[in-house]
Amino acid sequence: MNPLRISVSVCSIIICCCSTWAAADIGVCYGLNGNNLPSPEEVVALYKQYGIKNMRLFNPDPSVFQALRGSGIAVIVGVPNEDIPTIASTQAGAQQWFEANLAPYLNDVNFSFIAVGNEVVPEGDGTSIAAAMQNMQTVLKTRNLGGRVKVSTAMPLTVLGTSYPPSAGQFTAAVDGVMRAVLAVLAAEGAPLMINVYPYYGYVGDPANVELDYAIFRSNRTVVRDGGLEYSNMFDAMVDAFYSAMEKAEGSAVGVAVTESGWPSAGKGNLTTVEIAETYNRNLVARLKRNTGTPKKPNAKIDGYIFAMFNENLKPGDITEQNWGLFFPNKQPVYPVF
């Protein structure tokens, strides 16, 4: 997550959009940037205690994988951004990464996605992402795991040069080529693009002009009208801006997966209170459980991952970065969601 992402016009959870109407799955991102966090075994027990069936890990971690053995929790595991060039360079590089990090746990850890990088662009060089994704997909196929584990990559809102209104969503010229290559890989494999969606940044970037109720799912009226589409919450507008950008980049056949969303409970005065964070995340969960799509894609199921499980005291950046958690390190809720 980049604390500098701010957008008024549109947009850790994962939103997988598909045509089925099964009950939505809701997960939570598990970060490890703290020196006072519970043991992985305690964390897995906490997920199970609260009925959280999905976890996102930003990096492979043997101690966490060991704790996950036999738990049944579905896991998105990230490939660190710095590992992408090696994985992209040769098929052997991808195979070596997989064997070292995931292969020992295949029999009893339920891997659902491999996320090849998190927010590599627009700040970094994304030219290797598509090749790395393709090589990792080939590794999965050689192990007959192509139907069980999907490969994607997570993108921030800042890959959009235009985001308002949602129908005008378009990738920046700098990342358009990268996004087209990524979308082509995803379309060929039937996997979603992972996107990180934070109405929080849209609100704190311009609180005088952005309605808090619109940002936290509390508005009961249309706030944004885009042609024939009406938006009462910023979350849906952000997701639809991505859809519009993807269509313009020949990615209309690709769904999306929102792999992070949340609201910090401290750090910016009255913009980051426990009450606001609780309202956002509880309303987010309620929105996901309704199994409704966005105005642009109404027939799409949405699954999601909240960011994040714990307040992490070693996260860099301003104090808000250490206060995104649903739980304190002592395993007590910051506020009730589940």
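**Helix H5**

I started with helix H5: its buried residues pack against strand E3 (74–79), helix H3 (84–89), helix H4 (91–101), strand E4 (110–118), strand E5 (150–155) and helix H6 (173–189). I am working on a predicted model, where local features need pLDDT of at least 70, side-chain atom pairs count only at pLDDT 80 or more, and totals for chains, interfaces and linings use all residues. Residues are numbered from 1 along each chain as its sequence is written, and side-chain values use heavy atoms, with hydrogens and water left out.

My terms are these. Helices (H or I, at least four residues) and strands (E, at least two) are DSSP runs, numbered from the N terminus. Buried means under 20% relative accessible area, exposed over 50%, and partly exposed in between, with a 1.4 Å probe and protein chains only. Contact means heavy atoms within 4.5 Å.

H5 covers residues 129–142, 14 residues in total. I read 20 Å from its first C-alpha to its last, close to the 20 Å expected at 1.5 Å a residue. That expected span is 1.5 Å times one less than the number of residues. Its buried residues are Ile-129, Ala-130, Ala-132, Met-133, Asn-135, Met-136, Gln-137, Val-139 and Leu-140.

I then picked Gln-137, which is found in helix H5. Is Gln-137 buried or exposed? Gln-137 counts as buried because its relative accessibility is 2%. Not counting residues up to four places away in sequence, Gln-137 touches Gly-146, Val-149, Val-151 and Glu-189. After H5 comes Asn-144, with a positive phi near 60 degrees.

**Helix H6**

H6 has 17 residues, so at 1.5 Å a residue it should span 24 Å; its end C-alpha atoms are 25 Å apart, which agrees. Buried in H6 are Val-175, Val-178, Met-179, Val-182, Leu-183, Val-185, Leu-186 and Glu-189. These residues pack against H5, E5, E7, strand E8 (193–196) and H9. Gly-190 follows H6 and has a positive phi, near 70 degrees.

**Core**

Next I looked up the largest nonpolar core and found 117 residues. Such a core is a set of buried Ala, Val, Leu, Ile, Met, Phe, Trp, Tyr and Cys residues joined through side-chain atoms within 4.5 Å. Phe-98, Phe-111, Ile-114, Phe-171, Leu-193 and Trp-263 have the most contacts inside it. Helix H9 (residues 234–248) gives the most to this core, with 10 residues.

Beyond four places in sequence, its contacts include Val-77, Phe-98, Met-136, Leu-140 and Val-151.

**Strands**

I turned to E2 (residues 54–57). Asn-54 and Arg-56 point one way, Met-55 and Leu-57 the other way, and all are buried. E1 (residues 26–30) runs parallel to E2 and is joined to it by four bridges. Strands pair if DSSP finds at least two bridges between them. Cys-29 has Arg-56 as its bridge partner in E2. E2 is also joined to E3 by four bridges, again parallel. Leu-57 stands opposite Val-77 in E3.

Two right-handed β-α-β units turned up. One is E1, helix H1 (residues 40–49) and E2; another is E2, helix H2 (residues 62–68) and E3. Right-handed means that, with the strands pointing away from the viewer, the path from the first strand over the helix to the second runs clockwise.

Strand E11 (residues 256–260) is largely enclosed by the rest of the structure, because five of its five residues are buried. E8 and E11 pair in the parallel sense over four bridges, and Ile-195 has Val-258 as its bridge partner in E11.

Most residues other than glycine have a negative phi, and most peptide bonds are trans. I noted exceptions. A cis bond joins Val-121 and Pro-122, with omega about 10 degrees; Pro-122 is in the loop between E4 and H5. Glu-119 is in the loop between E4 and H5 too, and its phi is positive, near 55 degrees. Glu-119 is buried, at 12% relative accessible area. The peptide bond from Phe-307 to Ala-308 is also cis, with omega near 10 degrees.

**Confidence**

The protein averages 93, and 93% of the residues score at least 70. Over residues 2–21 the pLDDT is below 50, although this stretch has 101 contacts in the model beyond near neighbours in sequence. Where pLDDT is low, the predicted coordinates should not be read in detail.

Conventions
pLDDT = per-residue confidence, 0-100.
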